Amino acid sequence: MLASELAQELTIDPSLMSKRLSVYFAEIGEGKTRLLNDQAVERVRQAHELMATGQARNFKVAVQMVLGTYLDAVPPESVRTFERRLERMEDVQTQTLVKVNELVNLIESAVTRPDVA
């Protein structure tokens, strides 16, 4: 199918279809072709439907949803929870390092002091 035919079917401007196909082919990592294969046509139709129903905020997101590569943004509260946990891990690691250094110093002083008999 030609891009212009698909644009007519979806009732969008051919120049918009050209832009959308550029996005589609960039997302699949292939060069843009003049004739669209059945898979490309179906995926573009599905992405168009996602846009039309408001399920995708732009065509790139719609294509990613169709391809299964879309990832939702991480909620801010999850990020804060992760940061708190990471900070706790860093604190525990610092405490462990202090204790290990104390042990190293004790062992070094025990090894270097003369035997008392």
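This is a predicted model: local features need pLDDT of at least 70, side-chain atom pairs count only at pLDDT 80 or more; totals for chains, interfaces and linings use all residues.
How are α2 and α3 oriented to each other? Residues are numbered from 1 along each chain as its sequence is written, and side-chain values use heavy atoms, with hydrogens and water left out.

**First stop: α2 and α3**

Select residues 14-28 for helix α2 and residues 38-52 for helix α3, whose axes come within 11 Å and cross at roughly 110°. Helices here are DSSP runs of H or I with at least four residues, numbered from the N terminus, while the axes are lines fitted to C-alpha atoms over the stretch in contact, with angles running from 0 to 180 degrees between N-to-C directions. The two helices, α2 and α3, are therefore roughly perpendicular to each other, a term that covers 65 to 115 degrees. The crossing of α2 past α3 is right-handed, that is, the near helix is turned clockwise from the far one by less than a right angle.

Next, display M17, R20, L21, Y24 and I28 in α2, which meet Q39, A40, R43, V44, H48 and M51 in α3, contact meaning heavy atoms within 4.5 Å. By class, the residues of this contact are seven nonpolar, two polar and two charged, where Ala, Val, Leu, Ile, Met, Phe, Trp, Tyr, Cys and Pro count as nonpolar, Asp, Glu, Lys and Arg as charged, and the others, Gly among them, as polar.

**Second stop: Y24 and F25**

Now select Y24 and F25, an edge-to-face aromatic pair with 5.1 Å centre to centre and 75° between the planes; rings pair if their centres lie within 6.5 Å, and planes over 60 degrees apart count as edge-to-face. Y24 is buried at a relative accessible area of 2%, and F25 is buried as well, at 5%, buried meaning under 20% with a 1.4 Å probe and protein chains only.

Move on to helix α4, residues 59-67, where Q64 is found. The axes of α3 and α4 lie 8 Å apart at an angle of about 125°, and the two helices are therefore oblique to each other, with a right-handed crossing. Among the residues that meet here are V44, A47 and L50 in α3 and F59, V63 and V66 in α4.

**Last stop: Q64**

Finally, select Q64, which is buried with a relative accessible area of 16%. Leaving aside neighbours within four places in sequence, Q64 is in contact with E27, T69 and Y70.

Key. Angles under 35 degrees count as roughly parallel, over 145 as roughly antiparallel, 65 to 115 as roughly perpendicular and the rest as oblique. Rings of Phe, Tyr and Trp (its six-membered ring) pair if their centres lie within 6.5 Å; planes under 30 degrees apart count as stacked, over 60 as edge-to-face and the rest as tilted. Buried means under 20% relative accessible area, exposed over 50%, partly exposed in between (1.4 Å probe, protein chains only).
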